Amino acid sequence: MSSLDPRINRLELPQIPGGEILKNQEHWITYEVFHIKKRGDHPVHVGCVHAPHPDLALVFAKEQYGRRLACVSLWVCKSSDIHAFSMEDEDMFYSAVSDEKKYRDASGFKVRDKINKFKKGNSDALV
Amino acid sequence: MYGGGYIFDKLQDNQVNDDPEKLLLFEERIARGEKIEPRDWMPFDYRRQLIRLIEQHAHSEIIGALPEGTWITRAPGFKRKLALIAKVQDEIGHGQLLYSAAETLGKSRENMINDLLNGKSKYSNVFNYPAETWADVTVIGFLIDAGAIINQITNSKGSYAPYCRALERICYEESFHLKQGHEGLVFLATGTFVQREMLQDALNRWWEPIMHFFGPPDKASVHSEKLMKWKVKMASNDDMRQEFLNTYVPKIWELGLTLPDPKLKKNTETNKWEYTEPNWETFWQVINGNGPCNKERLKVRMWAEEHGRWVRDALKTNQLTQSVPLA
Amino acid sequence: MHSIKNLLYNIADDLLIMGHRHSEWTGLGPILEEDISFSSLAQDKIGLAYQIYKILNETEKEDLPDRIAFLRNESQYRCCQFVELPNGEYDFSLIRHFLFDHAMDLRFRMFGKSNYQPLSFLSRKTAGEMKYHILHADIWIKQLGNNNEISHVRMQKAIEVAFPYSLGMFETFPFEKELIELGIYQGEQEIKISWLEKISMILKEANFNLPDPEKIKPVFGGRTGNHTGFLKPLLEEMNEVYSSDPETEW
């Protein structure tokens, strides 16, 4: 078989055996990648890479996540080392935005009406 | 780049086993415009069809790297050469992002590649055609990538969060692909007689695969209705094809080039493009492995996996836990 | 200043051919992540070759970069034979990348202090890129040396094949002495000494043996235009489209 790709013609192409060709975990394990856009920024999760260990995970992450997007550093950690709540428990976090919890939010404290009323009362009294 | 989402499995019976209460909540969430995350409950068939969709997309990227890869060593001049290597590199990068998104649904990258190699899983038909001349590279870079962008922007509004996140990044990079393809094509179109001839010839050969790109005309079915409701399939094949024709045919015509379809024109009353239906029999033939390059494409991928094996094995880790990307 | 041209052609041609060899892996790498990384090496090499051809064009009044890169005859190329060899398997490609990039890195560090301003400027611009190439090479070499028997044997063999050729990177050339006297750089021997020191250290850490450089006959010839049979077909391929009509824009 002759390919139009001269690169390919330099290779000897194999037959494809049936069945399972790649074994489980032949592509190693996954590391989650976080990038830091500029000094002073939080690291932000951007994706993952397959790698056998952290050093190579960093080397891979550098090109996969740092070759196009501006960034000054990257973090990686094993996916299995991240502990997370289930998204299904999101109701547990509802209290952060709940109306009943206004007492710990700046918007729960309003004094302008009082002050205006007080000022108006005073000026009325002066008349 | 990609064109697909036209091969879905038939709905299976075991979907009736989905808990109706959970299904209701799930569908309400999607209707509210919320995204589904990997560890959410999801219907059996949602998971299955998404894996199918995303893995096809991923395969299309790594196989799609091959027809253009053909021209890396031969690309004329520094600018075209560097842009082409960067573009093919992006396709591999997109494959990496998409396999990771599919992995969050529980199918390993190894198994996806196994299914690609043994023919169980498909990829976009368009990559089973040869890139014969340099002009083919510009036609692929402009028109196929244009189709891919339409397809991917549409899919990026879907319901599965990891897929949407991957597509967001991919669409950003595709805009570079489209520009570099357009520039290469315009240089040929406005160049010498020989360059123009070469380009016209490439357009003539690629027109049918391009018309096949968005898949066969839609027929209303329960199947696609459900996938649309779940926001797995986001637009009909015909709508995407219309959008493509509307944006890109004028960009070919303005260069004084022709497309090999005498019927191709915009109907000013309906505002729709009219065209000769491409041969859909050919389309199915190619999907089923009988295109001009199917065998070579898979063998080349097999070569890469086979020759990379000792490298991967040398660094293999003995992890007890299964490793799945989180998001 | 004729003599500087020799040096610039040597380096640019090395980078151009090395970059093309590396680019043959794009899409075919051993795992997707490495495919991406290796492709960047290819781009950076070809990109740096372009920068040097640009110096030749703008400062030394040679022809345009595309024309000098893609229109010369085989015997006019000054690359060492080391970079012409086919990729073979990943073991040879990695070892070549390791040996080549350490030499290139040391060379460019030296250029940082050059009184030839275009080179010292380029040296500063590419320092970050070089750093990544070295990091990539070193991690792979260490991993493949220390992890498993098969890979260790393969890599050791590749080192033995590559080493005599790699010494060809330091082949002397006309006017080298003048360049040293002019303070352009300290010469090939100086680079070779630091290079041997650096690579021996890393190879030792990875449990590989470097053949004794005193007992090895370096493969020279590239700097005088004598090449292996592998260069010509590659050049024909590289130049195929461009040389079909060099007067037009592509």
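## Exercises on a predicted three-chain model

In chain B, Leu185(B), Leu188(B) and Ala189(B) of helix α6(B) meet Gln195(B), Arg196(B), Met198(B) and Leu199(B) of α7(B), where two residues are in contact if their C-beta atoms, placed from the backbone, lie within 7 Å. This is a predicted model, in which local features need pLDDT of at least 70 and side-chain atom pairs count only at pLDDT 80 or more, while totals for chains, interfaces and linings use all residues. Residues are numbered from 1 along each chain as its sequence is written, and chains are lettered from A and ligands numbered from 1 in the order in which they are written.

**Exercise 1.** Describe how α6(B) and α7(B) pack, and sort their contact residues by class.

*Solution.* Step 1: Two packed helices are described by the angle between their axes and the distance between the axes. Step 2: Helix α6 of chain B, residues 161–189, packs with α7(B) at an angle of about 125°, and their axes are 7 Å apart; axes are lines fitted to C-alpha atoms, for helices over the stretch in contact, and angles run from 0 to 180 degrees between N-to-C directions. Step 3: This makes α6(B) oblique to α7(B), since angles under 35 degrees count as roughly parallel, over 145 as roughly antiparallel, 65 to 115 as roughly perpendicular and the rest as oblique. Step 4: The contact holds 5 nonpolar, 1 polar and 1 charged residues, where Ala, Val, Leu, Ile, Met, Phe, Trp, Tyr, Cys and Pro count as nonpolar, Asp, Glu, Lys and Arg as charged, and the others, Gly among them, as polar.

**Exercise 2.** Which element of chain B gives the most to the side that touches chain C?

*Solution.* Step 1: The contact takes 35 residues from chain B and 41 residues from chain C. Step 2: On the side of chain B, the elements that give two or more residues are α2 (44–69), α3 (77–103), α7 (193–212) and α11 (294–314); helices are DSSP runs of H or I with at least four residues, strands are runs of E with at least two, and both are numbered from the N terminus. Step 3: α3(B) gives the most, with 13 residues. Step 4: By class, this side of chain B divides into 19 nonpolar, 12 polar and 4 charged residues.

**Exercise 3.** Describe the elements of chain A and the side of it that touches chain C.

*Solution.* Step 1: Chain A has 3 helices and 3 strands, which run α-β-β-α-β-α from the N terminus on. Step 2: Its contact with chain C takes 15 residues from chain A and 14 residues from chain C. Step 3: The largest share of the side of chain A, 7 residues, comes from α2(A).
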